[in-house]
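Take a moment to look over the sequence and the model. Then follow the text from strand to strand and from side chain to side chain.

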Amino acid sequence: MNCCFLLPFILGIPLIWPCFTATEISTTEEVEHPVGSHFRVKRGWMWNQFFVPEERNETNYHIGQLRSDLDNGNNSFQYKLLGAGAGSIFVIDERTGDIYAVQKLDREERSLYTLRAQVIDSTTGRAVEPESEFVIRVSDINDNEPKFLDEPYEAIVPEMSPEGTLVIQVTANDADDPSSGNNARLLYSLLQGQPYFSIEPTTGVIRISTKMDRELQDEYWVIIQAKDMIGLPGALSGTTSVLIKLSDVNDNKPIFKDRLYRFTVSELAPAGTSVGKIMAYDNDIGENAEMDYSIEDDSQTFDIITNNKTQEGIVILKRRVDFEHQNQYRFRANVKNRHVDEKLMEYHVEASTTFIRVQVEDEDEPPVFLVPYYLFEIFEESPHGSFVGMVSAMDPDQRKSPVRYSMTRSKVFSIDDNGTIVTTNPLDREISAWYNLSITATEKSLSIVSGKEKALDNVQQTSAVPVYVQVLNINDHAPEFSEYYDTYVCENAGSGQVIQTISAVDRDESIEDHHFYFNLSREDTKNSSFIIIDNEDNTAVILTNRTGFSLQEEPVFYISVLIADNGIPSLTSTNTLTIHICDCDDHGSTQTCRNKDLMLAMGFRTEVILAILISVMIIFGFIFLILGLKQRRKQPLFPEKGEDFRENIFRYDDEGGGEEDTEAFDIAELRSSTVMRERKPRRTATAEIRSLYRQSLQVGPDSAIFRKFILEKLEEANTDPCAPPFDSLQTYAFEGTGSLAGSLSSLGSAASDQDENYDYLNELGPRFKRLACMFGSAMQSNN
């Protein structure tokens with residue numbers, strides 16, 4: 001098919017393509033044409049390109065023409081357009097082959113349309129030539145302004161950064177064709193932000209132009225403009241804003257605003273007390289504003305610590321102060337940043353300082369002892385009133401008030417107003433070798449009492465000191481046996497036989513080691529059947545001085561042993577050693593005698609233990625008996641009824657006649673048959689209240705039944721051991737008359753109630769069982 005393509009204009013220049021025959025192009029190389037159009041042969045059919053300018057405001061504008069070289073102009077050929085966009089965006093004149101665009105074209109939405117053309121013989125309806133494919137390309141015009149896609153922009157840069165420091169890079173995008181001239185070539189510039197910032201025109205990189213101080217201004221708004229067509233006339237532009245914040249660096253040192261701080265502290269304040277607060281100010285923020293306080297010359301009395309939350313310096317006491325010793329302190333305090341970079345040390349060469357003056361306030365202090373404790377010594381057995389020692393306290397205040405001394409709960413020592421401690425009772429080291437005393441010093445204050453000046457104790461100003469008294473030993477206790485010796489000797493014992501080894505103890509305390517000397521008394525030395533040998537190691541042995549002993553003649557020997565110590569002066573004691581004669585066994589052992597004594601002692605102990613156990617059992621039996629009797633007394637008087645007897649209050653609507661009731665009655669009425677009194681309406685005070693009626697079924701039993709019931713109850717009371725020691729019987733013989741409510745008594749009742757049925761009393765429960773029995777018996781007897 002020989003096609004002719006006509007392009008009305010490209011960028012305003014009208015162009016006409018010549019017609020080409022399909023057979024004329026047999027290769028695939030591209031053929032250059034004016035305005036850049038080209039066509040090529042592919043797979044035996046022809047396709048070409050139309051370049052159409054975008055954004056035409058009018059519709060149905062002509063794009064080009066398709067024409068077959070077989071068309072002789074007789075209108076026998078029909079042209080058809082096929083493919084995407086055919087019929088909706090592009091239409092063709094079936095007779096002439098002219099192609100029109102019926103919609104506005106936007107290259108940014110679609111830049112290329114591939115269509116197919118076909119020529120049909122209208123007389124036969126057959127295709128004249130095969131389909132031919134061609135392309136319509138939409139050419140670009142500068143109709144899109146640059147846009148910043150990553151908005152909003154925000155950057156942070158350290159303050160005091162040098163010139164040329166990179167801040168941020170902004171990038172704009174132009175939807176136009178970058179290959180079509182300069183439509184998409186952008187140029188960046190600053191509309192706002194000089195002289196602090198600059199921007200590279202082609203890259204959009206923002207840099208610092210001069211140093212900036214965050215403390216003067218901490219953020220900047222920079223406006224960037226991007227223009228296409230490299231800024232030539234007719235270019236489109238877009239803008240964006242960049243927020244640049246300056247981060248803090250430690251370029252400011254803390255500074256005291258006050259050159260002098262004045263504080264006061266009481267001389268009674270303990271160590272660690274807060275005296276006052278100082279404050280330095282730092283224009284930096286965050287950790288760059290953290291600071292540490294210190295005192296020059298390393299004060300021994302005060303210290304400064306930092307409050308990490310408020311960055312205040314807290315002046316505290318390291319030790320107590322004394323107004324009388326020093327009433328004023330003056331020292332210098334420094335402050336420095338805690339975190340300082342080496343590059344910024346030039347800003348922190350000199351630390352800020354301030355002066356602190358602390359005035360000590362005088363307080364009324366309690367007396368002060370000269371030493372923290374006292375240690376005195378005194379010999380035991382010292383006489384009453386012996387001097388022990390002296391304590392001393394003084395008033396630290398300037399007025400030097402007098403001091404009175406006292407001692408807490410001591411029966412052995414006393415103290416006078418001068419602080420002299422003396423004994424009040426004899427001392428015995430063996431009972432108590434140390435005494436811990438507490439001496440209290442109370443300040444006296446002068447007061448006017450009855451017009452006279454008098455010194456009174458100020459109980460609010462007291463202090464105490466411990467006093468330790470050591471009782472020194474004197475040799476006042478003679479040595480004695482270390483234990484009780486139970487000595488046995490056989491009847492056939494020979495002379496010189498060792499029967500016992502003895503030792504001694506001394507309760508006295510000796511500077512040197514104790515040494516004891518053992519001897520027999522003079523009488524035992526001359527006439528004794530035993531002798532003693534001192535081993536010179538604080539022990540001695542007892543030996544027999546003859547051969548043979550008689551259990552029947554002399555079963556027991558008592559010898560006196562003299563024991564002397566090495567004290568000054570030396571003390572001697574006489575100790576009695578009991579020696580039993582024993583009928584030993586064949587081996588000459590005294591163990592049988594020892595076992596007999598042990599069994600005798602154990603038998604005695606067993607008897608004592610049994611006696612104690614029997615006594616305990618008797619006591620517990622007596623206690624259980626008393627508890628049983630008390631428990632039995634708590635049982636009810638009539639346990640067979642299973643009812644609780646207690647005081648009851650009965651309320652009746654009928655009342656007696658009182659003084660008006662003077663009518664006599666016949667006692668025989670009590671023994672008359674059962675009668676029922678007539679019903680009487682109750683009188684009311686108000687006519688509007690409905691009358692109330694009460695029916696009384698009081699029955700009077702005959703004397704035999706009543707007497708039987710009383711006798712039964714009397715018998716129960718007499719046989720009950722837990723019953724109270726009294727009987728009570730209340731009898732109501734008659735009731736008064738004259739009551740407005742009427743009487744409940746059966747006396748004087750006109751009508752008989754012989755026909756009344758009292759079986760309903762059995763339905764009222766066990767409490768009415770007796771009544772039901774009584775009334776039922778009465779009715780049966782009357783009937």
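**A walk through the model**

Strand β39 (residues 498-505) and β42 run antiparallel, and 5 bridges join them. Keep in mind that this is a predicted model. Look along the pairing and find Q500. This residue stands opposite I542 in β42. What holds such strands side by side? Strands of a sheet pair through backbone hydrogen bonds, either parallel or antiparallel.

Now stay with β42, which spans residues 539-544. Strand β41 (residues 530-534) is also joined to β42 by 5 bridges, and these two strands run antiparallel. Here I533 has V541 in β42 as its bridge partner. Strands β41 and β42 form a hairpin with 4 residues between the strands. Within this hairpin, E536 takes a positive phi near 60°.

How many of the 6 residues of strand β42 are buried? The count is 5 of the 6, so strand β42 is largely enclosed by the rest of the structure.

Move on past β42. The loop between β42 and β43 (556-564) contains T547. Is T547 buried or exposed? T547 has a relative accessible area of 62%, so this residue counts as exposed, the cut-off being over 50%. Now find S529. T547 and S529 are 18 residues apart in sequence. In space, their C-alpha atoms are 9.1 Å apart.

Next, turn to another sheet. It is an open sheet of 3 strands, in the order β13-β17-β16, and the pairing is antiparallel. Its edge strands are β13 (166-169) and β16 (197-199), each of which pairs on one side only. From one strand to the next, the twist averages 25°. Look at one pairing in detail. β13 pairs with strand β17 (residues 205-208) in the antiparallel sense, over 3 bridges. Across this pairing, I168 stands opposite I206 in β17.

Now for the cysteines. How many disulfides does the structure hold? There are 2 disulfides. One of them joins C490 to C584, with 1.8 Å from S to S. This pair links distant parts of the chain, 94 residues apart. C490 is in strand β38 (residues 487-490). C584 is in the loop between β44 (572-582) and α2 (591-633). The link of C490 and C584 is left-handed, with -100° about the S-S bond. C490 is buried, and C584 is buried as well.

Another disulfide joins C582 to C593, and here the S to S distance is 1.7 Å. The link of C582 and C593 is right-handed, with 85° about the S-S bond. Where do the two cysteines lie? C582 is in strand β44 and C593 is in helix α2, so the pair ties together parts that are 11 residues apart in sequence. Both C582 and C593 are buried.

Aromatic rings come next. The count of aromatic pairs comes to 20. Why is the pair of F481 and Y485 called edge-to-face? The ring centres of F481 and Y485 are 5.2 Å apart and the planes stand at 90°, so the pair is edge-to-face. The cut-off for that label is planes over 60 degrees apart. F481 is buried, and so is Y485. Elsewhere, rings gather in a group. F256, Y261, F263 and Y293 are linked into a cluster by ring pairs.

Rings also meet charged side chains. K257 lies over the face of Y281, 4.6 Å from the ring centre. R330 has its charged end over the ring of F355, at 4.9 Å from the centre of that ring.

One more stop remains. N334 has its place in strand β26 (residues 328-337). Is N334 buried or exposed? Its relative accessibility is 15%, so N334 counts as buried, the cut-off being under 20%. The side chain of N334 has a partner too. A polar contact of 3.3 Å joins the side chains of N334 and E296.

Key. Residues are numbered from 1 along each chain as its sequence is written. This is a predicted model: local features need pLDDT of at least 70, side-chain atom pairs count only at pLDDT 80 or more; totals for chains, interfaces and linings use all residues. Side-chain values use heavy atoms; hydrogens and water are left out. Rings of Phe, Tyr and Trp (its six-membered ring) pair if their centres lie within 6.5 Å; planes under 30 degrees apart count as stacked, over 60 as edge-to-face and the rest as tilted. Buried means under 20% relative accessible area, exposed over 50%, partly exposed in between (1.4 Å probe, protein chains only). A charge sits over a ring if NZ of Lys or CZ of Arg is within 6 Å of the ring centre and within 35 degrees of the ring normal. Two strands pair if DSSP finds at least two bridges between them. Axes are lines fitted to C-alpha atoms, for helices over the stretch in contact, and angles run from 0 to 180 degrees between N-to-C directions. A disulfide is a pair of cysteine sulfur atoms within 2.5 Å. A polar contact is a pair of N or O atoms within 3.5 Å; within protein, one must be able to donate a hydrogen and the other to accept it, and residues adjacent in sequence count only if both atoms are side-chain atoms.
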